[in-house]
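Colleague: I have the coordinates open and want to go through some contacts and packing. Shall we start?

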Amino acid sequence: MREQAELDSVDWHILEELQNDATLPNRALAEIVGLAPSSCLQRVRRLRDLGVITGCHAVVDPATTGLPLEAVISVNVRPHTRAVVAGFRAFVMAQPETRSIFHVSGQADFLIHIAVAGSTHLQAFLMDKIASRTEVRNLTSSVVLERVETRALTPPANLRPTHRRRRAD
């Protein structure tokens with residue numbers, strides 16, 4: 001597990017802005033957060049170096065690409081060993097329908113978010129790809145009725161830094 005990065009109020013402001021629009025040019029970002037462009041660029045590089053920013057990606061609407069049906073599948077595997085978990089996770093991530101997978105505690109071992117062309121595609125995915133695996137003990141699927149976009153990660157008010165980090169020279 002990575003060590004927690006020390007973030008100040010300006011770092012969080014940069015993170016919020018980039019999470020909402022990762023294509024912001026550095027000059028515009030610097031103006032929004034109240035820094036000189038060079039200082040802003042230095043902070044963004046630091047956030048990448050610390051592993052706080054792990055990448056940037058485009059958000060694609062599955063419906064406009066011909067995959068309008070989304071579902072979340074709860075799966076239990078047995079035996080629940082590291083080797084079985086790793087193999088199942090790798091298999092699921094290799095499927096083009098998979099949007100994300102979560103290895104979780106609780107009733108299910110995995111929650112899998114998928115996007116498919118329709119109910120026939122969903123049935124084929126469940127029966128031919130998931131249920132046919134020998135380690136799968138049971139599964140349930142839930143059709144997504146509405147997807148609300150993920151918000152930018154921000155600290156709760158009681159944990160939000162109010163200070164700026166002092167430069168270490």
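Colleague: Leaving aside its neighbours within four places in sequence, which residues is Ala5 in contact with?
Modeller: This is a predicted model: local features need pLDDT of at least 70, side-chain atom pairs count only at pLDDT 80 or more, and totals for chains, interfaces and linings use all residues. Residues are numbered from 1 along each chain as its sequence is written, and side-chain values use heavy atoms, without hydrogens or water. Ala5 sits in the segment before H1. With contact meaning heavy atoms within 4.5 Å, and sequence neighbours within four places set aside, the partners of Ala5 are Leu50 and Val52.

Colleague: How far apart in space are the C-alpha atoms of Ala5 and Val52?
Modeller: Along the sequence, 47 residues separate Ala5 from Val52. In space, C-alpha to C-alpha, the distance between Ala5 and Val52 is 7.3 Å.

Colleague: Does Ala5 count as buried, exposed or partly exposed?
Modeller: Buried is under 20% relative accessible area, exposed over 50%, and partly exposed in between (1.4 Å probe, protein chains only). Ala5 has 23% relative accessibility, so Ala5 counts as partly exposed.

Colleague: Which residues touch Trp12, apart from neighbours within four places in sequence?
Modeller: Trp12 belongs to helix H1. Its relative accessibility is 13%, so Trp12 is buried. Beyond four places in sequence, Trp12 is in contact with Leu7, Leu153, Thr154, Pro155, Arg160 and Pro161.

Colleague: What is the C-alpha separation of Trp12 and Arg160?
Modeller: Arg160 is among the residues in contact with Trp12. The two lie 148 residues apart along the chain. Their C-alpha atoms are separated by 8.3 Å.

Colleague: How do H1 and H2 lie to each other, oblique or roughly perpendicular?
Modeller: Helices (H or I, at least four residues) and strands (E, at least two) are DSSP runs, numbered from the N terminus. H1 covers residues 9-20 and H2 residues 26-33; they pack at about 130 degrees, with axes 10 Å apart. Angles under 35 degrees are roughly parallel, over 145 roughly antiparallel, 65 to 115 roughly perpendicular, the rest oblique. H1 and H2 are therefore oblique.

Colleague: Which H2 residues do His13, Ile14, Glu17 and Leu18 of H1 meet, and how many nonpolar residues has that contact?
Modeller: On the H2 side, the partners are Leu29, Ile32 and Val33. Ala, Val, Leu, Ile, Met, Phe, Trp, Tyr, Cys and Pro count as nonpolar, Asp, Glu, Lys and Arg as charged, and the others, Gly among them, as polar. By class, the contact of H1 with H2 has 1 charged and 1 polar residue, and the nonpolar count is 5.

Colleague: How many charged residues are in the contact of H1 with H3?
Modeller: H1 and H3 (residues 37-49) pack at about 80 degrees, axes 11 Å apart, so H1 is roughly perpendicular to H3. Val10, Asp11, Ile14, Leu15 and Leu18 of H1 meet Cys40, Arg43, Val44, Arg46 and Leu47 of H3. The contact has 7 nonpolar residues and no polar ones, and the charged count is 3.

Colleague: At roughly what angle do the axes of H2 and H3 cross?
Modeller: Asn26, Arg27, Leu29, Ala30 and Val33 of H2 meet Pro37, Cys40, Leu41 and Val44 of H3. The axes come within 8 Å and cross at roughly 100 degrees.

Colleague: Which residue's backbone oxygen does the side chain of Thr98 reach?
Modeller: Thr98 lies in strand S2 (residues 98-103). At 13% relative accessibility, Thr98 is buried. Its contacts beyond four places in sequence include Met93, Ile112 and Phe125. At 2.7 Å, the side chain of Thr98 reaches the backbone oxygen of Val92.

Colleague: Is Glu135 buried or exposed?
Modeller: Glu135 is in the loop between H5 (119-130) and S4 (136-143). Leaving aside neighbours within four places, Glu135 touches Asn76, Val77, Arg78, Val84 and Phe88. Its relative accessibility is 10%, so Glu135 counts as buried.

Colleague: What is omega for the peptide bond that joins Arg78 and Pro79?
Modeller: Pro79 is in the loop between S1 (69-77) and H4 (82-93). At 47% relative accessibility, Pro79 is partly exposed. Most peptide bonds are trans. The bond between Arg78 and Pro79 is cis, with omega about -5 degrees.

Terms used
Axes are lines fitted to C-alpha atoms, for helices over the stretch in contact, and angles run from 0 to 180 degrees between N-to-C directions. A polar contact is a pair of N or O atoms within 3.5 Å; within protein, one must be able to donate a hydrogen and the other to accept it, and residues adjacent in sequence count only if both atoms are side-chain atoms.
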